[in-house]
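Colleague: I have a structure open and would like to go through it with you. Could you take my questions as they come?

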Amino acid sequence: MPTATFEILRGDANEGKFETYTLEISEGMVVLDAILLIQAKYANDLAVRWNCKAGHCGSCSAEVNGVPKLMCMCRMSDIKLDKPILVQPMKAFPLIKDLVTDVSWNFEVKKKIKKFKPRPPDAADGTWRMAQEDIDRVQEFRKCIECFLCQDVCHVIREHQLQDKFIGPRYFVHIAGLEMHPLDVEDRREDLKKTDGIGFCNITKCCTNVCPQEITITDNAIIPLKERVADKFYDPVKRLFAKFRSKKEQ
Amino acid sequence: MAEVNLGKPIHRFGYTSRKDAWWVKPLFTFIGLSAFVVYVTWAAFQGKHYYSGHYISPLYSPELFGDSPHSWFGLKPSWWPTWMPWSPALLILWAPGLFRLTCYYYRGAYYKAFWADPPSCAVSEPRKTYRGENSFPLIMQNIHRYFMYIAVLFIVFLSIDVWNALWFTNEVTGKTSFGLGVGTLVLAVNVVLLGGYTLGCHSLRHAVGGFMDRLSGKPVRYKMYKCVTCLNKKHMLWAWMSLFWVGFTDIYVRMCSIGNWHDLRIF
């Protein structure tokens with residue numbers, strides 16, 4: 001069986017170093033399998049967050065050879081074994097220990113987003129009617145598993161640390177799901193521009209590239225939101241038309 | 001052994017733990033866009049050899065003023081400043097140029113390739129400060145939709161050029177007859193590729209239906225939204241193919257005009 005050498009970041013926010021582990025690789029193995037094997041065999045105190053091992057819980061986010069990935073979805077057969085495989089925690093978030101980071105900032109951001117606000121019920125029994133073609137568009141955004149890889153790779157957070165001015169791609173996806181929802185009547189465009197920092201996104205599509213759920217974050221969520229913000233703040237002609245069109249019609 | 005960084009981001013150009021050739025894509029983007037800009041600038045300032053019979057280069061169409069038979073309003077306007085070099089292309093090229101400059105795809109591509117902002121995903125940037133598209137001049141990217149409206153008009157004008165390229169004039173009798181030349185096909189492919197790029201624009205997608213939360217009960221709008229979305233999925237591919245073909249179409253017309261290439265009439 002082939003062997004692979006791993007260099008895993010061990011430590012906490014104060015100090016850390018890469019430690020080297022070598023182990024045999026079996027068929028069908030993913031990086032998370034290898035990490036758990038290392039934990040079982042060589043480093044019982046290795047901290048790693050994981051749960052489903054099936055790409056659905058979003059827990060085992062890390063950086064494999066410098067690229068943000070879910071370790072459970074990263075096949076060993078896709079990685080060249082001639083060089084050590086680098087496994088690090090997500091860089092954009094504070095390190096707790098080894099491969100575990102503190103992602104609580106994300107949950108704080110979510111609390112600040114205006115909640116779903118449906119229009120009055122369509123029927124007397126308090127229910128609504130929606131057409132499939134209207135709900136199709138927001139269905140994609142519901143696939144998000146909150147692995148925060150998109151937040152990790154986004155250079156506005158990762159490089160420029162503008163967490164106080166920018167909510168990140170994960171929450172643009174969340175807002176897109178609300179804003180484009182056929183029942184929702186809330187207007188979040190002012191927040192998007194002024195407090196959520198959508199103008200900081202420069203459309204590099206890194207978030208889309210790392211999304212394990214293959215959500216087309218940039219094209220289907222962020223750019224449509226940028227366009228909606230442009231309607232309200234940068235397009236005088238559209239604003240004129242908007243005066244004649246109520247939100248209900250939209 | 002890899003470098004450990006637990007603190008603040010290291011703003012060093014190209015600093016990364018990535019082991020793949022992350023620099024290849026931005027490098028090709030840099031070379032491709034630079035080559036196109038250099039060629040188009042050169043071609044636009046030439047002011048000659050931009051038409052050959054019934055073919056006109058897309059860099060010069062629509063020819064508002066000029067001395068070719070394709071000119072809409074006659075010769076060079078008298079109000080054109082004497083100190084400024086004259087070329088019919090200078091009157092129109094700003095529109096498709098700004099359409100591409102403010103295009104969502106190109107923005108992402110040139111921010112990476114020309115401004116290293118970032119050079120590639122998960123690769124460090126040379127600068128500490130970042131303002132994004134929040135302030136001048138990049139806040140102007142938000143008016144992309146206005147250039148999109150003009151670009152759609154250009155598709156109409158270029159389609160008319162293809163129609164004109166289907167009519168051949170006999171030099172002896174002066175009679176016009178329907179036909180097809182290689183040049184006609186070159187111009188037609190240009191319109192198809194530019195159409196695929198322009199009609200897949202993110203702003204157009206928003207304008208035809210994306211701005212609405214409910215498209216049910218609006219079958220025409222829904223269909224248009226689906227069509228634009230379909231083209232939008234391959235927006236990058238359309239962007240590069242159309243960019244290349246615009247350049248090639250100009251070269252084809254230029255070569256025919258100079259006499260280096262001879263247009264082959266198919267029928």
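Modeller: Happy to, and what follows is a walk through a predicted model.

Colleague: Start with the overall picture, please. How many helices and strands does chain A have, and what are its spans along the principal axes?

Modeller: The secondary structure of chain A consists of 10 helices and 7 strands, and its C-alpha trace spans about 70 × 40 × 30 Å along the principal axes. Of the 250 residues in chain A, 54% count as buried. If one looks at the contacts in chain A with a separation of 6 or more, 62% of them involve residues 24 or more positions apart.

Colleague: Which domains does the assignment give for chain A?

Modeller: The assignment gives domain 1, covering 3-101, and domain 2, covering 104-242. Taken over C-alpha atoms, the centres of domain 1 and domain 2 of chain A are separated by 31 Å. The contact involves 14 residues from domain 1 of chain A and 16 residues from domain 2 of chain A.

Colleague: And how much area do those two domains of chain A bury between them?

Modeller: Domain 1 and domain 2 of chain A bury about 1,100 Å² between them, with 60% of it on carbon and sulfur atoms. On the domain 1 side, the residues that lose the most area to domain 2 of chain A are A:Pro68, A:Ala92 and A:Phe93, which together make up 44% of what that side buries.

Colleague: What about charges there, how many salt bridges cross between the two domains of chain A?

Modeller: The rule finds 1 salt bridge across the interface of domain 1 and domain 2 of chain A. A:Arg158 and A:Glu63 form a salt bridge in which the closest N and O atoms are 2.8 Å apart. The elements that give two or more residues to the side of domain 1 that touches domain 2 of chain A are strand S3 (61-64) and strand S4 (67-70) of chain A. By residue class, that side of domain 1 divides into 7 nonpolar, 4 polar and 3 charged.

Colleague: Switching to the two chains, how many residues of chain A and chain B are in contact?

Modeller: For chain A the number is 65 residues, in contact with 53 residues of chain B. The two chains bury about 5,000 Å² between them, 50% of it on carbon and sulfur atoms.

Colleague: Which salt bridge could I look at there?

Modeller: The rule finds 5 salt bridges across the interface of chain A and chain B, and you could look at the side chains of B:Asp213 and A:Arg228, which meet in a salt bridge at 2.9 Å, N to O. On the side of chain A that touches chain B, the largest share, 9 residues, comes from helix H9 (residues 217-233) of chain A. That side of chain A divides into 25 nonpolar, 16 polar and 24 charged residues.

Colleague: Now inside chain A, where do A:Asp98 and A:Arg10 lie?

Modeller: A:Asp98 forms a salt bridge with A:Arg10, the closest N and O atoms being 3.2 Å apart. A:Asp98 lies in the loop between strand S6 (95-97) and strand S7 (100-101) of chain A, whereas A:Arg10 lies in strand S1 (residues 3-11) of chain A, so the pair ties together parts that are 88 residues apart in sequence.

Colleague: Are those two buried or exposed?

Modeller: Both A:Asp98 and A:Arg10 are buried. As for another pair, A:Glu179 forms a salt bridge with A:Arg188, with the closest N and O atoms 3.0 Å apart, and both A:Glu179 and A:Arg188 are buried. Salt bridges that share partners also join A:Arg10, A:Asp45, A:Lys97 and A:Asp98 into one network.

Terms used: Residues are numbered from 1 along each chain as its sequence is written. Chains are lettered from A and ligands numbered from 1 in the order in which they are written. This is a predicted model: local features need pLDDT of at least 70, side-chain atom pairs count only at pLDDT 80 or more; totals for chains, interfaces and linings use all residues. Side-chain values use heavy atoms; hydrogens and water are left out. Contact means heavy atoms within 4.5 Å. Buried area is the accessible area (1.4 Å probe) that two parts lose on being put together, summed over both. A salt bridge is a side-chain nitrogen of Lys or Arg within 4 Å of a carboxyl oxygen of Asp or Glu. Helices (H or I, at least four residues) and strands (E, at least two) are DSSP runs, numbered from the N terminus. Ala, Val, Leu, Ile, Met, Phe, Trp, Tyr, Cys and Pro count as nonpolar, Asp, Glu, Lys and Arg as charged, and the others, Gly among them, as polar. Domain bounds come from an automatic or database domain assignment. Buried means under 20% relative accessible area, exposed over 50%, partly exposed in between (1.4 Å probe, protein chains only).
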